[in-house]
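Dear colleague,

Here is the two-chain file that you were waiting for, with the sequence and the coordinates shown just below. Please read my notes alongside the structure, as they go through it piece by piece.

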Amino acid sequence: MKKFTRWFSKNFVRIYAVLGFTYLFIPILYTFVFSFNDYVRSNLVWRGFTLNNWKNPCGPLDICPALGNSIKIGLLATTGATILGTLIAFALARYAFKGRSLVNTLIFLPMATPELVLGASLLTMFLNLGFNPGFWTIVIAHVMFCISFVVVTVKARIASLDPRLEQAAMDLYANERETFRRVTLPLVAPGIAGGALLAFSLSFDDFIITNFNSGTTITFPLYVYTHAERGLPAQANVIGFSMFFLALVIVIAGQIVGRKRKVSA
Amino acid sequence: MAAVAKRVGLSNPLDSLKQKVAMPYLLLLPGMLWLVIFFLSPILTLVSTSTKEPGLGIGEYVQTYRWANYLDALTAMHTQFIRSFVFATLATLIALAIAYPLAYAIAFKSGKWQNVLLVLVVAPFFCSFILRTIAWRQILAQDGIVFKILLFFHIVTPNTQLTSSAFAVVAGLAYNFLPFMTLPLYASLERIDPRTLEASGDLYANGFTTFRKVTVPLSMPGVVAGTLLTFIPAAGDFVNAQILGNPGTTMIGNVINAQYLQTTNYPLAATLSFLLMLAILAIVMVYIRKSGTEELV
């Protein structure tokens, strides 16, 4: 018993973490299991095992175009927010300038505003200007709310850099541009990648802001929401789980490649 | 850096100085312009809409600067306001209790798996927030597995309602914003130098004292950022209350959403939105002051 207590107190945090991850993944496990459900109209009651949903993921009308829109919007918004956010992060981390606290406030405010308010106010402005909401208004909105997250992520990375690395490059007669391109940028790259990943996941999963500014365009979260009441096809589970799995595989593969490169370098 | 450039003598130092002054503004310009046009000016539009009154035509509103709209909105909807903040506070506390050990384990106990575990925290985003919320509704339903287990241990009676309840809404909020809590906590824990923890041990502090007197204070910036990033979206959420709640758990988000998209009472919707924004900002300001972390971004 005493042995067990010692083992338990030593591994308490690990056990707790396993429980935490379990909590995080229970709904995903449910989504996975019900993707094999032989459903009729609505995928709420278990009726038997089938592979049909996986063989025919684009079966239900609109579901794959919705997914396509989500991916396109995600990529465009991520590109925009990552470029704009990274530039701001460099300005904040590397320069002293007037109006700094104003900039900090303008970065912080979108994060402190509920999505509902962001989405609703943007729609009000688009309507007042006679803009028809659609694909591009979603992209604009997503860039807007992702910028701050990119700034925070990239800024943290720049701040954690060892300034001696850049000094060393300059001591070795690299000019400022070379130092930036060959030392600073590669060192900041993981932060930029992290910011981009965060932006893509926020954009891909966004429902509230998109719901306001979508017009007749449908994204995957909008598809799930509008069909939830009438009966969601199991193909939504297939797509939801596949995207989750794909994201994991891509990032973990990236990690392994990155580690190999580090070892060989 | 200017000093280094001067020493290397690559360009006229005065030129480079001029560039240095303009450079930060050039870097800031595109992003700031985007935020001014698509964040700040919509908020101003929102404020101007909030003081309008119904006009003669149907769905027509005219600007009368009726600031009493705010009083009317508060009188009519204060229950939903209070409920939103109570739910959001509870969800934030639950998320903190779950996320802190999780972030601690990732930061100190995961070794080479650290990055993979971090990705696992964000990965659920890809399986759609709404899909997962619907999954919770089905899992907690009376014919679901969780209910049967709880019934077996006599924690619930056959008549207990887990879904369509305040409990389900708060649990759903805590669940959905858990990654927003975990990531900043991890970031601040990871920055702690393990030697400070060793030093505390060398000075005869036991594990718990070290945690309480060293780890927690050093991780405060993460706690502040994480609780804010959970509280803010939770207070304005309407999806959890809609999927997991009942008519008695309506949050302010549900009201605003319905006023915008169903009733199309734009002035009331705008008034409520701006009130929500102001209330959250006020809470955030007080909270940041109290916790002593001024620089958040």
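Helix H11 of chain B passes helix H14 of chain B in a right-handed crossing, where right-handed says that the near helix is turned clockwise from the far one by less than a right angle, and left-handed that it is turned anticlockwise. Helices here are DSSP runs of H or I with at least four residues, strands are runs of E with at least two, and both are numbered from the N terminus. The model is a predicted one, in which local features need pLDDT of at least 70 and side-chain atom pairs count only at pLDDT 80 or more, while totals for chains, interfaces and linings use all residues. Residues are numbered from 1 along each chain as its sequence is written, and chains are lettered from A and ligands numbered from 1 in the order in which they are written.

To return to that pair, H11(B) covers residues 220-235 and H14(B) residues 266-291, and the two pack at an angle of about 170 degrees with their axes 11 Å apart. This makes H11(B) roughly antiparallel to H14(B); angles under 35 degrees count as roughly parallel, over 145 as roughly antiparallel, 65 to 115 as roughly perpendicular and the rest as oblique. The axes are lines fitted to C-alpha atoms, for helices over the stretch in contact, and the angles run from 0 to 180 degrees between N-to-C directions. H11(B) brings B:Met220, B:Val224, B:Leu228, B:Ile232 and B:Ala235 to the contact, and H14(B) brings B:Ile280, B:Val284, B:Ile288 and B:Ser291, where contact requires that the C-beta atoms of two residues, placed from the backbone, lie within 7 Å. By class, eight of these residues are nonpolar, one is polar and none is charged; Ala, Val, Leu, Ile, Met, Phe, Trp, Tyr, Cys and Pro count as nonpolar, Asp, Glu, Lys and Arg as charged, and the others, Gly among them, as polar.

A second pair in chain B is formed by H5(B), residues 129-140, and H7(B), residues 166-176, which pack at about 140 degrees with their axes 11 Å apart. H5(B) and H7(B) are therefore oblique to each other, and H5(B) passes H7(B) in a right-handed crossing. The contact joins B:Phe129, B:Thr133, B:Trp136 and B:Leu140 of H5(B) to B:Ala168, B:Gly172, B:Tyr175 and B:Asn176 of H7(B), and by class it has five nonpolar, three polar and no charged residues.

As a whole, chain B has 14 helices and two strands. Its radius of gyration is 25 Å, whereas a compact globule of 297 residues would have one near 19 Å; the radius is taken over C-alpha atoms, and the globule rule is 2.2 Å times the number of residues to the power 0.38.

Chain A has 11 helices and zero strands. The radius of gyration of chain A is 23 Å, well over the 18 Å that the globule rule gives for 265 residues, so chain A is more spread out than a compact globule. Of its 265 residues, 45% count as buried.

Where the chains meet, 71 residues of chain B are in contact with 69 residues of chain A. Helix H2 of chain B, residues 13-50, gives the most to the chain B side, with 18 residues, and that side has 58 nonpolar, 11 polar and two charged residues.

One residue of chain A deserves a look of its own: A:Leu122, found in helix H5 of chain A, residues 115-128. A:Leu122 counts as buried because it has 27 C-beta neighbours inside 10 Å. Leaving aside neighbours within four places in sequence, A:Leu122 is in contact with A:Ala141, A:Phe212, A:Asn213, B:Phe38 and B:Pro42.

With best wishes

Technical notes:
Buried ≥ 20, exposed ≤ 12 C-beta atoms within 10 Å, placed from the backbone.
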